[in-house]
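The following questions and answers concern one protein chain. Please consult the sequence and the structure as each point is raised.

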Amino acid sequence: MKRTLLAIMAAIVAAAAAHARISTPPILSSDMVLQQGRPVPVWGKAAPGERITVTFGKQKTSTRAAADSSWLVTLKPMAASATPRTLTIKGRRETIEYTNVVVGEVWIAAGQSNMQYSMRRHKAFVPPAHGVDSAIVEMQKPANAMLRVYVSARKGQRPWAPASGESLPDVSTVGYYFARSLQRSLNVPMGIITAALGGTHIETWTPRAAYEASPLFAAEMGQRGRIDGIGPGQWYATFVEPLLPFAVRGFAWYQGENNCGSGDRRYADKFKVMADWWRKAFDAPDAPFYYVLLAPHVYSDRMHRHNHGPQTAETLPLFREQQKRASKLAGNCEYVCITDLVDDIHDIHPSYKWTVGARLARVALAKTYGHGGTEWSGPRFKAARAAGGKLTVTFSHCADSLRAADGKRIGWFEVAGDDGIFHPAVADIQSDSTVVAYSIDVASPRYVRFGWHETAQPNLENSAGLPAVPFAAMKAGD
């Protein structure tokens, strides 16, 4: 009797498997953008052993579903094309057709609330103090078939759609304007995937396995199962895993407020662990990460969970140094500065996200797409030289010249002598690439720093209108 029941159950399971429907993940849908110039995975579920044939354009490739019902084929790299085509997935008895599919560039916009900050501005966020809310204007425009959007959300995925008033409300504003700027410059279809959630630490965007495999964090994971009190991987599993292994070009990242608020001094190492894992997971070892240095904000007044001691006015500039170090550690990364885009330093969600997206796009155009002549950064410290009681600071990324954004004397420079005690400095632009700084309180200045305070909104910029990047104490040569 027992054997008979087992046989019946086996027959039922086999019959169910034989009639299993073909399925694909939500990231594969009509209106999607496939990444140009890379192998393009197409995958899903079907009855074990079922032959699946995928056709797109002139390409046609087949496979059989594995014992666990999974299947995957890979289309060969394709050139960008705005011509809508149909992706056909054919099984034994069933055919799926995804229409209006184009080939172009695909990026993921990820991070916490400042990246999640959507085109339909949340009522808790204040409108910009100057000018119009560009996002409101943008959503009133006709649908843009050359720019497609996708939202990875906590409560499921929102399918691909051309950018329009209907599809844009929950799309990252930074991500949208990043993609729009690239689309206008590259003139190819652009896809932007939003994968962001407010109030999240970088640890939650990195799976446990990544920390367990890291020589820097493996012991801590083994002992505590957490990194600096944070359990890893939750939002990676929710927002990123459902996208894998969709082909993408790279990542726009805006995150760190929670890590900064808790005084994180290992952010650079954590960023590298995350970046390495994401690149491996998406089979894109050269994928760039372009990200945002945190904006001025009074972190010393905020209460954060997992604090490691009281935060001070130096918490933010110290954290920015971690962000900058991450660029060198992870490789193929760059950052943008937004110290000039804050109306209220008590608001951790500044407006002007369209400008943030456009600045990230400048970096991508220069670094990923080889657009020469595009200045993609504000002035960055290059060297300092001491002479006659003054320090001459030389900057790179000056475009044609340095200037004061407000026409006033340059602010937020500090100098120190050998004692390391900093004093506010008088600073003047000396040439197209240099600033001279001095203080009557420091007879022989040896060190200089700039924008070294959580409220600093310096007025130094280059002729391209990009703000100078704050920097830590740098020792001058003679």
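**Burial, charge pairs and backbone**

Glu-138 is located in helix H3 (residues 134–138); helices (H or I, at least four residues) and strands (E, at least two) are DSSP runs, numbered from the N terminus. The model is predicted, so local features need pLDDT of at least 70 and side-chain atom pairs count only at pLDDT 80 or more, while totals for chains, interfaces and linings use all residues. Residues are numbered from 1 along each chain as its sequence is written, and side-chain values use heavy atoms, with hydrogens and water left out.

Q: Is Glu-138 buried or exposed?
A: Buried means under 20% relative accessible area, exposed over 50%, and partly exposed in between (1.4 Å probe, protein chains only). Glu-138 has a relative accessible area of 7%, and therefore it is buried.

Q: With which residues is Glu-138 in contact, leaving aside its neighbours within four places in sequence?
A: Contact means heavy atoms within 4.5 Å. With those neighbours left aside, the contacts of Glu-138 are Met-119, Tyr-176, Tyr-177 and Arg-180.

Q: What separates the C-alpha atoms of Ile-22 and Ile-52?
A: Ile-22 lies in the loop between helix H1 (2–18) and strand S1 (33–35), and its relative accessibility is 5%, so it counts as buried. Beyond its neighbours within four places in sequence, Ile-22 is in contact with residues including Trp-71, Ile-89 and Ile-52. Ile-22 and Ile-52 are 30 residues apart along the chain, and their C-alpha atoms are separated by 8.7 Å.

Q: How many salt bridges are there?
A: Side chains of opposite charge can pair when their charged atoms come close. A salt bridge is a side-chain nitrogen of Lys or Arg within 4 Å of a carboxyl oxygen of Asp or Glu. By this rule, the number of salt bridges is 23.

Q: What is the N to O distance in the salt bridge of Lys-270 and Glu-203?
A: Lys-270 and Glu-203 are both buried. Their side chains meet in a salt bridge with an N to O distance of 2.6 Å.

Q: How many residues apart in sequence are the parts that Asp-228 and Lys-270 tie together?
A: The closest N and O atoms in the salt bridge of Asp-228 with Lys-270 are 2.7 Å apart. Asp-228 lies in the loop between helix H6 (218–224) and helix H7 (234–240), and Lys-270 in helix H9, so the parts tied together are apart in sequence by 42 residues.

Q: Is Asp-228 buried or partly exposed?
A: Lys-270 counts as buried because its relative accessibility is 0%. For Asp-228 the relative accessibility is 21%, so this residue counts as partly exposed.

Q: What is the relative accessible area of Glu-314?
A: Arg-449 forms a salt bridge with Glu-314, with the closest N and O atoms 3.5 Å apart. Arg-449 is buried because its relative accessible area is 15%. Glu-314 is partly exposed because its relative accessible area is 33%.

Q: What is the phi of Asp-283?
A: Asp-283 lies in the loop between H9 and S12, and at 63% relative accessibility it counts as exposed. Although Asp-283 is not a glycine, its phi is positive, at about 50°.
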